[in-house]
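Colleague: Before we look together, could you take me through how aromatic pairs and nonpolar cores are read from a model?

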Amino acid sequence: MVQKKTIEIRAIWLDVDQTLLDFDLCAKSALIEVFAWKNLEWKEAYYPIFLVENAKLWDSIEEGEMTRDKLAEIRFPHLFEKWQIPFTPDAEFEAYFSKHLHGYAHVIQGAKEALETLVKYHYPLYIVSNGPTKGQRNRLEKAGMLDLFQDVFTSEELGYAKPNLLFFEQALEKVRCEQNDPTICPEQILVIGDSWKADISGSLNFGSQSIWFRRNRAFDPFEQPQDERVFEAMNWNEVMQIIDTNFIHSDHSS
């Protein structure tokens with residue numbers, strides 16, 4: 001990383017899954033629940049297949065090629081074919097899985113403590129997520145994090161999904177309105193997320209600062225090589241070190 005200058009940050013935007021909450025672990029817990037509900041045998045070998053195929057389906061949503069409703073319709077028929085299980089899942093299967101998925105809130109180590117420190121330093125925090133609004137709010141509340149955020153911006157509400165530039169532009173307009181400050185510019189926004197495609201490439205196109213949170217990307221089929229414009233962190237201690245070293249807030253008193 002060649003960037004060494006200190007930049008004023010007026011807001012920090014954070015992704016949820018694999019950044020604040022361990023989506024993979026939440027999904028595994030929900031899968032075990034739904035398999036038990038249907039009296040199906042759960043095998044650990046199904047788990048990595050789910051992670052890869054689910055990532056591909058969400059990529060289609062982020063590319064605007066598929067809707068969430070379509071994902072709900074095809075996800076488990078597609079997965080059962082990949083798993084080679086002679087079972088035809090219905091809409092209830094998907095609904096049961098989603099209900100339990102949104103009921104789990106496995107917090108990534110150090111995330112909540114980091115958020116509390118950032119709030120103490122007067123950084124306004126916002127959620128930027130492609131996940132469903134109700135589900136993300138519910139999981140963040142269960143994790144004791146929701147009250148730490150000024151607002152939650154989701155693709156479901158904004159009408160566009162990351163990495164679409166319109167998602168970032170609409171989120172910025174909302175921040176400007178909420179802070180009553182039309183001068184906030186993209187360079188004064190720090191985006192922290194785990195997905196190169198959705199979070200980091202979107203941030204680069206938008207013109208904001210970014211930290212690529214790479215704690216658990218083992219099953220991401222869209223990994224990218226390192227980019228000197230992007231800070232990288234493997235855990236929340238590293239995220240905080242990057243922020244302390246490179247960024248300031250006008251109200252930050254350290």
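**Rings and cores**

Modeller: A search of the whole structure finds 24 aromatic pairs, where rings of Phe, Tyr and Trp (its six-membered ring) pair if their centres lie within 6.5 Å, and where planes under 30 degrees apart count as stacked, over 60 as edge-to-face and the rest as tilted. This is a predicted model, in which local features need pLDDT of at least 70 and side-chain atom pairs count only at pLDDT 80 or more, while totals for chains, interfaces and linings use all residues. Residues are numbered from 1 along each chain as its sequence is written, and side-chain values use heavy atoms, with hydrogens and water left out.

Colleague: How is the pair of Phe50 and Phe97 arranged?

Modeller: A pair of aromatic rings is described by the distance of the centres and the angle of the planes. Phe50 and Phe97 are edge-to-face, at 5.8 Å centre to centre with 65° between the planes. Phe50 lies in helix α2 (residues 46-62) and Phe97 in helix α4 (residues 91-101), so the pair ties together parts that are 47 residues apart in sequence; helices here are DSSP runs of H or I with at least four residues, strands are runs of E with at least two, and both are numbered from the N terminus.

Colleague: Is Phe50 buried or exposed?

Modeller: Buried means under 20% relative accessible area, exposed over 50%, and partly exposed in between, with a 1.4 Å probe and protein chains only. Phe50 is buried at 0% relative accessibility, and Phe97 is buried with a relative accessible area of 0%.

Colleague: Which residues do ring pairs link into a cluster?

Modeller: The cluster includes Phe35, Trp42, Phe50, Phe80, Trp83 and Phe97.

Colleague: Where are the nonpolar residues gathered, and which have the most contacts inside the largest core?

Modeller: In soluble globular proteins, nonpolar side chains tend to be buried together. A nonpolar core is a set of buried Ala, Val, Leu, Ile, Met, Phe, Trp, Tyr and Cys residues joined through side-chain atoms within 4.5 Å. The largest one has 35 residues, and Ile12, Leu20, Trp236 and Ile243 have the most contacts inside it. Among the elements that give two or more residues to this core are β2 (11-14), α5 (111-120) and α10 (236-246), and α10 gives the most, with five residues.

Colleague: With which residues is Ile243 in contact?

Modeller: Contact means heavy atoms within 4.5 Å. Leaving aside neighbours within four places in sequence, Ile243 is in contact with Ile12, Leu118, Tyr123, Leu190, Ile192 and Ile211. Apart from this core lies another, of 21 residues, among them Cys26, Leu31, Phe35 and Leu79.
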